[in-house]
There are 2 protein chains.
Amino acid sequence: MTDQTQVPQSLPVTSADVDAAAKVIAPFAVRTPLLSPSVLSERVGARVFLKPELLQRTGSFKFRGAFNKLSSIPMSARGGGVVAFSSGNHAQGVAAAAKILNMQATIVMPADAPLSKRERTKGYGAEVVLYERAGEDREAIAGEIARKRGATIVPPYDDPLVIAGQGTLGREIAEDMAALGLAPDIVVAPASGGGLIAGVATAVKARFPQAAIIVAEPEEYNDHGLSLRAGHREAHHATGRTICDALMAAIPGKITFSINSQLLAQGVTASEDEVRAAVAFAYRELKLVVEPGGAVGLAALLAGRIDVQGKNVVIVLSGGNVDADLFARLVA
Amino acid sequence: MTDQTQVPQSLPVTSADVDAAAKVIAPFAVRTPLLSPSVLSERVGARVFLKPELLQRTGSFKFRGAFNKLSSIPMSARGGGVVAFSSGNHAQGVAAAAKILNMQATIVMPADAPLSKRERTKGYGAEVVLYERAGEDREAIAGEIARKRGATIVPPYDDPLVIAGQGTLGREIAEDMAALGLAPDIVVAPASGGGLIAGVATAVKARFPQAAIIVAEPEEYNDHGLSLRAGHREAHHATGRTICDALMAAIPGKITFSINSQLLAQGVTASEDEVRAAVAFAYRELKLVVEPGGAVGLAALLAGRIDVQGKNVVIVLSGGNVDADLFARLVA
């Protein structure tokens, strides 16, 4: 972590890359609104804005990065299709982007991924190959498929074009805050491999260098928080599962961490119960369907884990793909 | 129904009244976004826009009309407070508006109103008085309370200031469509007493006289459809309940129908099962929590009951206050 007001020039993704990605995705991505529910602002004593990426095509931000990446594949290589490994949201993003661009997509997913995410991925016309989280190496499986078919691998986060694509949502936050005549003091987004928060940090700090970008993680899956404190990439120590199925990467990406280690202010966490409460709050008070992994920033806010008093705070709700039976249990 | 391109001049609410209401409510109401989910447009073969009033303060459009009406009460009369009768959404709108304006609110609600609506109404500091739908006259109960306390009655729909307040959402639709360089061909909104659709029609047709304004109702609670066809106010013939608890008024309002009979193109209905399917679709594909009564226009659209092919269609999702156990059953 360096002086927060100084944006280094040597990063692998720049705000110009995000600007370019914004042009590429504009015809197909949703420009999601910036919401400001009074019920939330009044509750936490801050001016809170929400970026509801559950309204994005495929129900999560992942379409942005996937479409930007797939659009960069030369026409000559598109016949081989694309391969991705993902627990569900990246899968849908890649599948939907491939469908628009007339490419074949194969997605390697863990066998325990939420049913809705598997079904929706197939719904976009992708082939789904399941693997066991314990014992099988999804990158190896994807690599093997890519070799056999001449397909292009679409990494879930550790790729400059993917990061730039996710950054477009940070760019929209910056634009919308500027249009309101406001500067964001704090921007909070979840991280699994760190592509979303790296893109958001890149775009937001280009316009608002003073903004503190905070990464939110499940309590035991706090590899970004650990790594920021250590100054180098560290894996989390979790052994069990988390309700945040989208946030289970073991360690920050290399490229993403080279950005995040320079641009992020800190990490915060939320407990499993706090995440559950945030999903229920979003249902009851915001009327939004947020998946657990997408609600971890909101959970940290509601649990008082971020010092927001009197500040302008933007929370990214990164997705809304949650199985109906789990959602029903969470809101009951 | 008259020539759709001719806006009569003698209506009890004008677009200037809506403009005035927009100024009054601006500091406290949410300017809800206009969404355009590709999944919906692709499914029905039209360019579909949604006005998600579930994102409005209190979870429904009712705050708009209530706040506009309460703001008009002279300071000298505010000490007596306000009284309203409502099955739930108007109740919350009045309670929340009264709280902001430092007035006491008493709400007369049916004993079978959804628990969440009763609890939320109390949560805004209002006193809730329950009555039995069969056998008790809510207007008489409200009138009695008003006389005793010197309170002002806030009608749920048959009031020019309430209608003008609801019209502000139509005004936002017109503004946002114009900003996109588009003209709405069709605008669909639900009706109980008809205040919402009257306000929407007033605002939209002032800017887009060619737009067809369509009222959506539950199959058996089709009093607006019946009345439009008859050319005078007619009650529906339903005897049972509908899942659309917010849309159970027996007959269009006098003032609302004097507007709607001149500005509306037609009525459409949706069956109970079509409404259930629409609530589930909104959860699964749109990631929005829509209450059954708020989803009736979407239900009619998804069921193919409106000729939308190739058109620009705006659907008002009027609210999202639905009990968690019912919602869980609908999305399972």
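Me: What area do chain A and chain B bury between them, and which three residues of chain A supply more of the area it buries than any other three?
Reply: In this predicted model, buried area is the accessible area (1.4 Å probe) that two parts lose on being put together, summed over both. Chain A and chain B bury about 2,000 Å² in this way, with 59% of it on carbon and sulfur atoms. On the side of chain A, 32% of the area buried against chain B comes from three residues, more than from any other three: Y283(A), K287(A) and V289(A).

Me: How many salt bridges are there between chain A and chain B?
Reply: A salt bridge requires a side-chain nitrogen of Lys or Arg within 4 Å of a carboxyl oxygen of Asp or Glu. E42(A) and R57(B) meet this with an N to O distance of 3.4 Å. Between the two chains the count is four.

Me: Which residue is the bridge partner of V83(B) in β5(B)?
Reply: β2 (residues 82-85) of chain B pairs with β5(B) in the parallel sense over two bridges. The partner of V83(B) there is I153(B).

Me: What conventions apply?
Reply: Residues are numbered from 1 along each chain as its sequence is written, chains are lettered from A and ligands numbered from 1 in the order written. Local features need pLDDT of at least 70, side-chain atom pairs count only at pLDDT 80 or more, totals for chains, interfaces and linings use all residues, and side-chain values use heavy atoms, leaving out hydrogens and water.

How values were computed
Pairing = 2+ DSSP bridges. Helix = DSSP H or I, 4+ residues; strand = E, 2+ residues; numbered from the N terminus.
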